[in-house]
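Good morning, everyone, and thank you for making time for this. I would like to walk you through one structure, beginning with the chain as a whole and ending with a few individual residues.

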Amino acid sequence: MSLWNLLDRGYSMPKKPGNCKERLLYRIGRHFALRHKNVEAPKSCLFHPGAKIHPRNGKIVFGGNCIIAEGAIIQGNVSFGDNCSVQAYTILVGGGTREDPSGQISIGNGVRIASHGMMIAANHIFDDPDKPIHNQGLRPAPITIEDDCWIGGRVNLTAGVHVGKGSVVGAGSVVTKDVPSMSIAAGIPAKVIKGRLAS
Ligand SMILES: CC(C)(COP(=O)(O)OP(=O)(O)OC[C@H]1O[C@@H](n2cnc3c(N)ncnc32)[C@H](O)[C@@H]1OP(=O)(O)O)[C@@H](O)C(=O)NCCC(=O)NCCS
């Protein structure tokens, strides 16, 4: 049994600390993130120490009251607004560098991201068929999720997509094109199945 399991009693998603063990747990989690000088997170953030948060050559900025679950991986250029959550085993990797944040992942306020999702804001370049793909480098492209979105479980947002304000992405979707505001998109590739506003 890991130390974290002793402290969280098997609860993977940080919640308002109810006792000193939980306070210690999230203090360690925030400390793990903030040991990197290019990570910013206010005290109100709750990070499980089993999350992997590393800015690589970029920068990670969290707004207030963000919650990051055990096993989530957040790397590279990523920014969050206030009141966001990332569930267990979701991977967010922003591309580019601090000087050139062309693969920035920008997440607005109040965004819920369920477990086992994947957002990588860069693609391998494979233009030259005579050269190994691993020698052709990466092409960053930003991913944006506007305020008040719910991204379901196992969703893959591909590099370059934009999810508009107030939208929902259904479980298991692969989003390859922009999702308009206030819509529900689902499937592979994801298509708008409904709007949220009464017609
Ligand atoms: C998208 C979602 C919110 C349902 O929204 P809804 O408005 O109730 O939609 P409905 O169930 O009426 O479905 C409408 C159509 O979309 C389809 N659909 C719904 N969700 C889908 C999905 N994830 N992938 C593909 N198609 C989907 C339905 O089969 C239905 O198709 P039909 O009209 O051909 O029968 C829900 O299906 C979903 O994916 N929830 C996410 C669950 C999750 O990831 N939870 C994680 C914990 S936070």
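This is a predicted model: local features need pLDDT of at least 70, side-chain atom pairs count only at pLDDT 80 or more; totals for chains, interfaces and linings use all residues.

Let me start with the chain, whose secondary structure comes to two helices and 22 strands. The C-alpha trace spans about 55 × 50 × 30 Å along its principal axes. The radius of gyration is 17 Å, which agrees with the value near 16 Å that a compact globule of 199 residues would have. Of those 199 residues, 44% count as buried, and the accessible surface of the chain comes to about 10,400 Å², with 55% of that area belonging to carbon and sulfur atoms. As for the contact pattern, if we take contacts between residues at least 6 apart in sequence, 32% of them join residues at least 24 apart.

Now to the ligand. Which residues are found around the ligand? They are Ala114, Trp150, Gly152, Gly153, Gly170, Ala171, Ile184, Ala186, Gly187, Ile193 and Lys194. In terms of secondary structure, strand 21, residues 183–186, and strand 22, residues 191–195, each supply at least two residues of the shell.

Turning to the polar atoms, a polar backbone atom of glycine 153 is 2.7 Å from an oxygen atom of the ligand, and a backbone N or O atom of alanine 171 lies 2.8 Å from a ligand oxygen. For lysine 194, it is a polar side-chain atom that lies 2.7 Å from an oxygen atom of the ligand. On its own the ligand has 910 Å² of accessible area, and the protein covers 41% of that.

Let me move on to serine 167, which sits in the loop between strand 18 (162–163) and strand 19 (168–169). Is this serine 167 buried or exposed? Serine 167 is buried, because its relative accessible area is 0%, and the cut-off for that class is under 20%. A polar atom of the serine 167 side chain lies 3.2 Å from the backbone oxygen of glycine 164. Setting aside neighbours within four places in sequence, serine 167 is in contact with Asp148, Cys149, Trp150, Val179, Pro180, Ser181, Met182 and Ser183; of these, Trp150 is also one of the residues around the ligand.

The next residue is arginine 139, in strand 14, residues 138–140. At 44% relative accessibility, arginine 139 counts as partly exposed. The side chain of arginine 139 makes a polar contact, at 2.8 Å, with the side chain of aspartate 127. Beyond its neighbours within four places in sequence, arginine 139 is in contact with Ala122, Asn123, Ile125 and Asp127. Arginine 139 and asparagine 109, for their part, are 30 residues apart in sequence and 27 Å apart in space, C-alpha to C-alpha.

Finally, serine 85 lies in strand 8, residues 85–86, and at 5% relative accessibility it counts as buried. With which side chain does the side chain of serine 85 make a polar contact? The partner is the side chain of arginine 112, at 3.3 Å. Not counting residues up to four places away in sequence, serine 85 touches Met13, Ile67, Val111, Arg112 and Ile113.

That is where I will stop, and I am happy to take questions.

Notes:
Residues are numbered from 1 along each chain as its sequence is written. Side-chain values use heavy atoms; hydrogens and water are left out. A residue is near a molecule or strand if one of its heavy atoms lies within 4 Å of it. A polar contact is a pair of N or O atoms within 3.5 Å; within protein, one must be able to donate a hydrogen and the other to accept it, and residues adjacent in sequence count only if both atoms are side-chain atoms. Accessible areas come from the Shrake-Rupley method with a 1.4 Å probe; for residues, only the protein chains shown count as cover. Helices (H or I, at least four residues) and strands (E, at least two) are DSSP runs, numbered from the N terminus. The radius of gyration is taken over C-alpha atoms; the globule rule is 2.2 Å times the number of residues to the power 0.38. Buried means under 20% relative accessible area, exposed over 50%, partly exposed in between (1.4 Å probe, protein chains only). Contact means heavy atoms within 4.5 Å.
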